[in-house]
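Have the sequence and the 3D view ready.

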Amino acid sequence: MFESKSVELTINSQKIKVHGFSTGAVKVKTKFLEASRKGLFAQLDIIFNKRFTEWLPVWVWVIEHPEGIYVIDAGITSDTMSRAYFKVLGFFSNWVNTSLFKFKVNRQEEIDKQLESINISPNAVKVLILTHLHVDHILGIKHFPKAEILVNRLEWNKPSGDVPRLYPEWFKPVLVDLDERFETFNNARFLTKAKDVLLIHTPGHTHGHSSVLLKTDQGNILFAGDICYYQQQLSYDRYAGANISAGEIKNTYKKILNFAASTKVIFLPSHDKDAAIRLDGLIPLVP
Ligand SMILES: [Zn+2]
């Protein structure tokens, strides 16, 4: 339903490839996507909201980098098609996952199969980076028992809406401290020796939510997780209903817009249907 895209870029004239795959699709309540009120009211609006959005992509990004293959988020799996799947989470979380969200994914759309379609074995993935611990970003981790899985330490220690009962038994992520500075961001961490892949603290959706920045000769690509659901929300100062902190997300928007004012940034949220198209065309956030 959402076409995958692959681009060839360079870093210091060295070739790299970046791929975007949608692991199926998700629908959320319209007030989850776009808030009309703040705080507790925004949450109540989601619960009593009857309308769902159209189908949205669940992007997983893959970087074929000279230092190894990096995957950003793991997407959803076809397990979600069974209503019984979320029962293990208990009453409330089961209700959230079966009433507020709808999933549509077949086995071929899971990230392992999509990697195999470009001749990459999931076991060849060096690092899997999780932007945050929500179901639609973590269910595919079961395909990566051999990868190093990175999570911002704050997201791990202070999660919201995480689902530990759905983690594979072997899942023990490497917790990353974001204690380096980069441009407008006070909390970041360089992940490659070449200092061209960074994990950046972009809180608001959850307290520990993080994004991945890839610096290329063609511009900075920001894999933005759930900072917002589509680029125009950031451009027009509109907010999702799903944020844990209105203050944090406002500050995150400001930092990204300040950064993008001085350099080319290609902004790719996880559920933006146009994200892979912008990757393909290298279309910047600020024209
Ligand atoms: Zn998400």
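This is a predicted model: local features need pLDDT of at least 70, side-chain atom pairs count only at pLDDT 80 or more; totals for chains, interfaces and linings use all residues.

## The whole chain

A residue counts as buried at under 20% relative accessible area, as exposed at over 50%, and as partly exposed in between, using a 1.4 Å probe and protein chains only.

Residues are numbered from 1 along each chain as its sequence is written, and side-chain values use heavy atoms, leaving out hydrogens and water.

The chain has nine helices and 14 strands; these are DSSP runs numbered from the N terminus, with helices (H or I) of at least four residues and strands (E) of at least two. Its radius of gyration is 18 Å, close to the 19 Å from the globule rule for 287 residues, so the chain is as compact as a globular protein of that length. That radius is taken over C-alpha atoms, and the rule is 2.2 Å times the number of residues to the power 0.38.

## The zinc site

Which residues hold the zinc ion? Asp136 (OD), His137 (NE2), Asp226 (OD) and His271 (NE2) coordinate it, at 2.0 to 2.2 Å. Donors are N, O and S atoms within 2.8 Å of the metal (3.2 Å for Na, K and Ca), and since water is not among the atoms, sites may look incomplete. Along the chain, the spacing is D-H-x88-D-x44-H. Asp136 sits in helix α5 (residues 135–138) and Asp226 in the loop between β13 (219–225) and α7 (231–235), so this pair, 90 residues apart, links distant parts of the chain. Both Asp136 and Asp226 are buried.

## The largest pocket

A pocket is an open set of points on a 1 Å grid over the protein atoms alone, where a 1.4 Å probe fits, with protein on both sides within 12 Å along at least five of seven lines; lining residues have an atom within 4 Å of a point. The largest pocket is lined by 33 residues, and Phe32, Val96, Phe101, His134 and Gly161 lie nearest its centre. Helix α3 gives the largest share of that lining, six residues.

## The second largest pocket

Here the lining has 16 residues, with Arg37, Lys38, Tyr239, Ala240 and Ala246 nearest the centre. Both α2 and α8 (246–262) supply at least two lining residues each.
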